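Please work through the model shown below with me.

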Amino acid sequence: MRVVVADDAVLIREGLIRLLEEFGCEVVAAVGDGDLLVEAVAEHRPDVSVVDVRMPPSFTDEGLRAAVEARRRV
């Protein structure tokens, strides 16, 4: 399974990558903001994305909005 991980916290992001890879997933991209998430999904077309809902700059719903936009594009 090909996965994109999006989280602004480096420790969480790296921890998720390690866990996913331990269980046989291929992490094709790991990003720290919504704009990069949209780009990564468009480029890699993963099977699934793991997304933090609250991301910079306002920490409200940027991750959710980016996930919706990525889905719309792909």
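The dialogue below moves from the overall fold to single residues.

Q: What kind of model is this, and how are residues numbered?

A: This is a predicted model, in which local features need pLDDT of at least 70 and side-chain atom pairs count only at pLDDT 80 or more, while totals for chains, interfaces and linings use all residues. Residues are numbered from 1 along each chain as its sequence is written, and side-chain values use heavy atoms, with hydrogens and water left out.

Q: How does the radius of gyration agree with that of a compact globule?

A: The radius is taken over C-alpha atoms, and the globule rule is 2.2 Å times the number of residues to the power 0.38. For 74 residues the rule gives a value near 11 Å, and the protein has 11 Å, which agrees. Along the principal axes, the C-alpha atoms fill a box of roughly 30 × 25 × 15 Å.

Q: What share of the residues is buried?

A: Buried means under 20% relative accessible area, exposed over 50%, and partly exposed in between (1.4 Å probe, protein chains only). Buried residues make up 32% of the 74 residues.

Q: What share of the contacts joins residues 24 or more positions apart?

A: A contact means heavy atoms within 4.5 Å. Among contacts with a separation of 6 or more, residues 24 or more positions apart account for 60%.

Q: Which residue carries a modified-residue annotation, and where is it found?

A: Asp52 lies in the loop between β3 (48-51) and α3 (62-73). Its relative accessibility is 21%, so Asp52 counts as partly exposed. Leaving aside neighbours within four places in sequence, Asp52 contacts Ala6, Asp7, Asp8 and Gly63.

Q: Is Val38 buried or exposed, and which residues does Val38 touch?

A: Val38 belongs to helix α2 (residues 34-44). Val38 is buried, because its relative accessible area is 8%. Not counting residues up to four places away in sequence, Val38 touches Ala66, Glu69, Ala70 and Arg73. Val38 and Glu69 are 31 residues apart in sequence, yet their C-alpha atoms are 6.8 Å apart.

Q: What can be said of Val10 in the same terms?

A: Val10 is in helix α1 (residues 10-22). With a relative accessible area of 48%, Val10 is partly exposed. The C-alpha atoms of Val10 and Gly32, 22 residues apart along the chain, are separated by 7.7 Å.

Q: Which backbone angles deserve a second look?

A: Most residues other than glycine have a negative phi, and most peptide bonds are trans. Here the peptide bond from Pro56 to Pro57 is cis, with omega near 10 degrees; Pro57 is in the loop between β3 and α3. Phe59 is also found in the loop between β3 and α3, and has a positive phi near 55 degrees. At 42% relative accessibility, Phe59 counts as partly exposed. Arg45, in the loop between α2 and β3, has a positive phi of about 45 degrees although it is not a glycine.

Key: Helix = DSSP H or I, 4+ residues; strand = E, 2+ residues; numbered from the N terminus.
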